[in-house]
Amino acid sequence: MKKTLIVGNWKMHLNTHQASLLAHRLHQHVAAHHDVEVVIAPSNLSLQPLSVELDRRKFRLAAQDAYPKDEGAFTGEVSFAMLRDLVHYAIVGHSARRIYFNESLELIRDKVESAVRNDISPILCIGETKQDRDNGETKQVIHDQLTTALSNITSDDITKVVIAYEPVWAISTFDGEKAKPDDMQRAIDYIRFQIKELYGERAALAVRVLYGGSVTDHDAGAYLRLKGCNGVLVGAASLNFHQFAGIVESAHRLQHERGVA
Ligand code: PEP
């Protein structure tokens with residue numbers, strides 16, 4: 001059985017001191033389970049200290065983004081090549097990057113390729129905006145984002161890529177609109193169908209697909225129960241160690257139920 005993947009995206013929160021404090025709390029409250037992989041994505045600034053402070057048997061690290069060229073005159077950027085010894089994963093194509101930094105489909109394609117070339121598993125975020133959804137274009141958007149991002153990835157490498165379905169309208173809404181599990185199921189099935197078209201049946205079953213969008217400890221189970229959902233990408237709730245630990249426990253409980261069923 002695949003491990004459930006729980007990824008905490010700390011976004012642009014916490015200075016290094018605050019990040020170390022939260023990491024310490026997570027150590028105390030998040031249990032290690034053989035069937036759950038827990039990944040933390042702090043700011044780049046905290047990756048180095050957390051790589052020393054975190055127990056690597058319990059937590060893995062992810063970058064929130066990186067630049068596709070390995071080195072050069074790209075002031076302000078950090079490359080996947082620079083991060084390769086620090087992180088297992090890197091978030092790529094997050095909707096915040098697509099929307100606020102105008103990242104194009106082609107730039108995201110280059111980032112996915114660079115991550116894989118540097119032995120980092122990209123967590124490729126895809127998902128439609130509210131307007132796309134209202135226009136009935138959800139499938140088209142998923143198709144375009146997915147096929148372009150994966151266009152330089154071979155069938156040998158596709159299982160290194162994790163796909164996070166994150167409908168933009170469901171991110172950080174909490175009290176507002178929540179994604180319905182049925183809608184998520186349709187999207188997950190469609191993502192696997194696209195992987196099958198591109199890489200065949202085995203890859204479609206093997207690739208890990210996550211859900212992301214205002215997940216909390218109260219509703220994580222509803223998403224994790226979906227057929228073909230291998231985990232969740234968690235933003236705001238990952239900054240609260242009680243909630244994040246609760247999400248990890250939900251994942252473990254579900255794996256246990258499946259194991260004994
Ligand atoms: C995210 O950052 O990818 C995310 C899903 O955030 P939130 O859980 O806050 O919606």
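In this predicted model, the ligand is surrounded by 14 residues, of which the closest are Lys11, Glu166, Ser172, Ser214 and Gly235. An N or O atom in the side chain of Lys11 is placed 2.9 Å from an oxygen atom of the ligand, and a polar side-chain atom of His94 lies 2.8 Å from an oxygen atom of the ligand. Gly235 takes part through its backbone, a polar atom of which is 2.8 Å from a ligand oxygen atom. The ligand, which exposes 290 Å² when taken alone, has 100% of that area buried by the protein.

The strands of the model form a closed barrel of 8, running in the order β1-β2-β3-β4-β5-β6-β7-β8 and paired in the parallel sense. On average, and with direction ignored, neighbouring strands of this sheet are turned by 25 degrees against each other.

Considered as a whole, the protein chain contains 11 helices and 8 strands. Its radius of gyration is 17 Å, which is close to the 18 Å that the globule rule gives for 261 residues, so the chain is as compact as a globular protein of that length. The C-alpha trace of the protein chain spans about 55 × 45 × 35 Å along its principal axes.

Technical notes:
Residues numbered from 1 in each chain as written. Predicted model: local features only at pLDDT ≥ 70, side-chain atom pairs only at ≥ 80, totals over all residues. Heavy atoms only, no water. Pairing = 2+ DSSP bridges. Helix = DSSP H or I, 4+ residues; strand = E, 2+ residues; numbered from the N terminus. Axes fitted to C-alpha atoms, helices over the stretch in contact; angles between N-to-C directions. Near = heavy atom within 4 Å. Polar contact = N/O pair within 3.5 Å; in protein donor to acceptor, adjacent residues only side chain to side chain. Areas by Shrake-Rupley, 256 points an atom, 1.4 Å probe, with all protein chains shown as cover. Rg over C-alpha atoms; globule rule 2.2 N^0.38 Å.
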